[in-house]
Amino acid sequence: MAKSIGIMGGTFDPIHIGHLITAEMVRSGASLDEVIFIPSARPPHKDGIHAASPEDRLAMAACAVQENPYFTVSDIELKRAGPSYTVDTIAELRENLDGAELFFITGADAMNDLYRWHEPKRLLQSCQFIVATRQGAPLDELLIAEKFTAEERRHIHVLMTPHLEISSSVIRTRIRAGLSVRYLVPRAVEEYIERRGLYREHDEEL
Ligand code: ATP
Ligand code: MG
């Protein structure tokens, strides 16, 4: 039987338990065989303030997935030159993972924004989407119905996951303010951040 593979894309600056819990809930809820975390190389929409390098973001993701046998990390977007578009990543993965069914995992916020991504219609046709919705961050059904046809929307599946008010931005802000992020990120990630002195300063001040 063909494998079902979840793809969790993100900036992961840094990866946190919101990402990990969501991926694990979707993996078990949708009976996926594995989940691949793919840090994006040059997120076009992020400003770079407090940001960690792609190599650090990849290393932190690798630390975070260590203890889950279903999780791996891929550097596929970091190796590619130019902007990293999900539609290209899915096409490249499809070539390498022969016959596997691909499920792109996003939060509702990312899904509501999908129509602004590169070639959103081709992307939707090229894989299934599993949207982890949580209370307080619902899917904007009206907007999605306006932007995508019924056929395209058949590729969108919603799965309820626990609501966790955690974001990478909150973690960066806490570190900059000298506050603890214990339990918000896995221990190995916390140690990596400390060891490398990440997120302590604004870029301009370095
Ligand atoms: P930032 O605060 O910098 O925007 P983030 O925490 O939103 O970071 P991203 O790397 O932008 O993290 O998100 C990657 C994916 O993880 C997106 O699909 C996003 O919707 C999802 N995600 C982020 N935080 C959570 C959370 N707390 N619960 C569920 N999904 C989340
Ligand atoms: Mg975000």
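## The largest nonpolar core

In this predicted model, the largest nonpolar core has 31 residues, and Ile-15, Val-35, Phe-37, Met-60 and Val-189 touch the most other members. A nonpolar core is a set of buried Ala, Val, Leu, Ile, Met, Phe, Trp, Tyr and Cys residues joined through side-chain atoms within 4.5 Å; buried means under 20% relative accessible area (1.4 Å probe, protein chains only). Two or more residues each come from helix 1 (17–29), strand 2 (34–39), helix 2 (54–65), strand 4 (101–107), strand 5 (128–133), helix 9 (168–176) and helix 10 (187–196). Helices (H or I, at least four residues) and strands (E, at least two) are DSSP runs, numbered from the N terminus. Helix 2 gives the largest share, 5 residues.

Beyond four places in sequence, the contacts of Met-60 (heavy atoms within 4.5 Å) include Phe-12, Ile-15, Val-189 and Tyr-199. Another core, of 23 residues, lies apart and has Ile-5, Ile-38, Ala-100 and Phe-148 among its members.

## Around ligand 1

Ligand 1 is surrounded by 21 residues (a heavy atom within 4 Å), and His-16, Asp-109, Ile-166, Ser-168 and Ser-169 are the closest. Oxygen atoms of the ligand lie 2.9 Å from a side-chain N or O atom of His-16 and 2.2 Å from one of Ser-169. The protein covers 89% of the 600 Å² of accessible area (Shrake-Rupley method, 1.4 Å probe) that ligand 1 has on its own.

## Conventions

Residues are numbered from 1 along each chain as written, and chains are lettered from A and ligands numbered from 1 in written order. Local features need pLDDT of at least 70, side-chain atom pairs count only at pLDDT 80 or more, totals for chains, interfaces and linings use all residues, and side-chain values use heavy atoms, without hydrogens and water.

Conventions. Buried means under 20% relative accessible area, exposed over 50%, partly exposed in between (1.4 Å probe, protein chains only). A polar contact is a pair of N or O atoms within 3.5 Å; within protein, one must be able to donate a hydrogen and the other to accept it, and residues adjacent in sequence count only if both atoms are side-chain atoms.
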